Amino acid sequence: MTLKVRPKAFGPVYAQFDGTDGIRYSLASLEHTSQHPPSDTPVDTLLASLAACIIKSVQWSAGQQKAPLNPFSVKVSAVKTPELPGRIESMEIAVLGQPVDDPVLVPAIVAQAKSACTISNSLNCKVSVVICEPD
């Protein structure tokens with residue numbers, strides 16, 4: 001007999017690149033940010049790590065393309081699997097805004113960033129990436 005639990009959503013956790021070397025974080029919205037990642041749950045910390053990794057990887061990828069980087073945000077959400085043992089079934093990364101001015105370069109930069117991100121490459125769940133307008 002397989003014990004089923006309800007799927008649970010985590011996040012979203014936001015990370016914001018403002019043009020400096022620092023990253024600002026927030027839980028649930030971009031209204032109140034902090035220099036410290038959320039740590040309400042271990043999963044929130046994991047989501048913040050993935051968001052930070054994507055920001056750093058976008059910075060690197062834009063540098064490879066010699067494209068100046070604009071301020072942008074990353075929103076990461078997750079869904080826990082309904083089966084035991086408890087684990088994350090999927091994560092979605094949303095890159096909010098246009099990290100660079102050239103809209104043709106944005107998908108290539110984001111794709112390269114996803115493939116370069118050590119955190120996303122280390123996860124044993126589905127990790128998808130979308131590019132969208134800010135919330």
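Of the 135 residues in the protein chain, 37% count as buried. The model is a predicted one.

The fold of the protein chain comprises three helices and five strands. Their order along the sequence is β-β-α-β-β-α-α-β. Contacts between residues 24 or more positions apart make up 63% of those with a separation of 6 or more.

Overall dimensions agree with a simple expectation: a compact globule of 135 residues would have a radius of gyration near 14 Å, and the protein chain has 15 Å. The C-alpha trace spans about 55 × 30 × 25 Å along its principal axes.

The largest nonpolar core holds 34 residues, and those touching the most other members are Leu47, Leu50, Ile54, Val74 and Met91.

Helix α1 gives the largest share of the core, eleven residues.

Which residues does Met91 touch, leaving aside those up to four places away in sequence? Its partners are Leu46, Leu47, Leu50, Ser77, Ala78, Leu123, Cys125, Lys126, Val127 and Ser128. Of these partners, Leu47 and Leu50 are also named with Met91 among the core residues that touch the most other members.

The charged side chains number 11 positive and 12 negative, with the centres of the two sets 10 Å apart.

Terms used. Residues numbered from 1 in each chain as written. Predicted model: local features only at pLDDT ≥ 70, side-chain atom pairs only at ≥ 80, totals over all residues. Heavy atoms only, no water. Helix = DSSP H or I, 4+ residues; strand = E, 2+ residues; numbered from the N terminus. Rg over C-alpha atoms; globule rule 2.2 N^0.38 Å. Buried < 20%, exposed > 50% of the residue type's maximum accessible area, 1.4 Å probe, protein only. Contact = heavy atoms within 4.5 Å. Lys, Arg positive; Asp, Glu negative; His and termini not counted. Charge placed at Lys NZ, Arg CZ, Asp CG, Glu CD. Core = buried A, V, L, I, M, F, W, Y, C linked by side-chain atoms within 4.5 Å.
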